[in-house]
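Have the sequence and the 3D view ready, and we'll start with the gaps.

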Amino acid sequence: WSFLLSVVFSLNLQAAEPGVQVRKGPTDIVNGIALADDDITVSNEFYKIAFAVGTTPPWGVPHGSIVDSALFVNGEWTDNRTALIDFLPHGWSAWPSESQQTHIVEQSPDRVVIQITRDYDTNVELVTTYTVTSGSNILEVSTRMTNRGEKTYEDLLAGYSLCTLSGYMFGPWGTVERGYDQVAEEWFGDYVLGYDEHFAMAVHYPGFTDFAWGTGWRDLYRKQTLAPGDTVDLAAWIQFEDIGSTAEVMRHNLALNEKPFGTVSGVVRSTEGTAVDVPVVIFEKAAPEAQDMLFAWTVGE
C-alpha cells in the first residue's frame, strides 16, 4: 500500500488539474493578495491568475486588475509571481474612474472568459476581456476603448503593464535608456519578459510605439487619439513558461507578427571538450545606442 500511495502522490505532482477551473473567494495562490470574498481565480494546466474584484489592487489601481499569478513548474504550483497585470489607458491606471465591474461571461471546462468594464475620465469606456483556454499556456487579452464623450483625447499611451514580484525583467531593448518617454524605433521584439531560472512570463503587444520601465515593471503602449465616438481594439497575449528561457517566447512573438525564423543547433562543450548537460546559449545584437546588447537566450539539453 505504501508503494501504491507513493505512486499516486508522484502522479499528483506531475499534472495540474485538467481543464479550466474557476474559484470565487480568497485565492489559493500562495502569497496572493486577492483575498476578498468576491475575488476570482482562474486556472488551467499551466497557470493561475487572480482578479482583484473586492481586493484593492496596489498603487491605487482600479478594481479588476490581475494581482496574483502562479505557474505549474516541475509538478507543483509556484507561489505568487505577479504584483500586477493590467491595461493602462494613458501611461498609468484608469483613474479617474467612477465604475469598475467584473463578469464571468463564459465558463466551461474548455474555456473561461472574464470581462472587466471600467470608465476612464468619465467619457472613455474600457472593456477588457481575458480568455483562458484549456491546454494553452497563453492568456488572450483584448481591450476595447470607446470615446462616449464630446472631447478628443490626443496621444493616449494605451497599453499593458507587467509587474513582477521576483526574478528579473527583460525587453524590449534596443536602448539603454530607462524610465518614461521611450519611443519605439528599432526594438528587438514587441514583448516584455519577467523570469528567473524556473519560469518566464511575457506580455506580447504587437505594434507598440512607446514603452516605460523600471525595476520590476515594464509597460508597452500604443499611442492612440480618440475623437468623439471613436472605438479602438487593442489585443495582447500573456505567455507563461516553466523555464527561464526566451526561446518559446520569441517563437510565439514571431508567429504573432508572421515573421520567419530559423533554428540554431549544436553541442556546447567546456574548455576540456566535455559536452555541457544544460547549456545556456546567449545571442547578442548590435543596437543604435550600444554595441552587442543581449538579444535572446535559450536553455539547452
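## Gaps, pockets and cores

About 30 Å³ of space lies in the largest cavity. A cavity here is a set of points, on a 1 Å grid over the protein atoms alone, where a 1.4 Å probe fits but cannot get out, while a pocket is an open set with protein on both sides within 12 Å along at least five of seven lines. Volumes are the space filled by probe spheres set on the points, which are joined across faces, edges and corners.

Before going on: this is a predicted model, where local features need pLDDT of at least 70 and side-chain atom pairs count only at pLDDT 80 or more, though totals for chains, interfaces and linings use all residues. Residues are numbered from 1 along each chain as its sequence is written, and side-chain values use heavy atoms, leaving out hydrogens and water.

Which residues line the largest cavity? They are F170, G171, P172, F188, G189, Y191 and F295, where lining means having an atom within 4 Å of a point.

Now the pockets, side by side:

| Pocket | Volume | Lining residues nearest the centre |
|---|---|---|
| Largest | about 770 Å³ | A247, T263, V264, F283 and T298 |

The largest pocket has 27 lining residues in total. Two or more of them come from each of α2 (247–256), β19 (280–285) and β20 (293–299); helices (H or I, at least four residues) and strands (E, at least two) are DSSP runs, numbered from the N terminus.

What about the packed parts? The largest nonpolar core has 59 residues, and V42, I49, L139, M145 and L193 have the most contacts inside it. Such a core is a set of buried Ala, Val, Leu, Ile, Met, Phe, Trp, Tyr and Cys residues joined through side-chain atoms within 4.5 Å. Buried means under 20% relative accessible area, exposed over 50%, and partly exposed in between (1.4 Å probe, protein chains only). There's also a second, separate core of six residues, including I29, A50, A52 and V67.

Finally, look at D28, in the loop between β1 (21–24) and β2 (40–43). D28 is partly exposed, because its relative accessible area is 35%.
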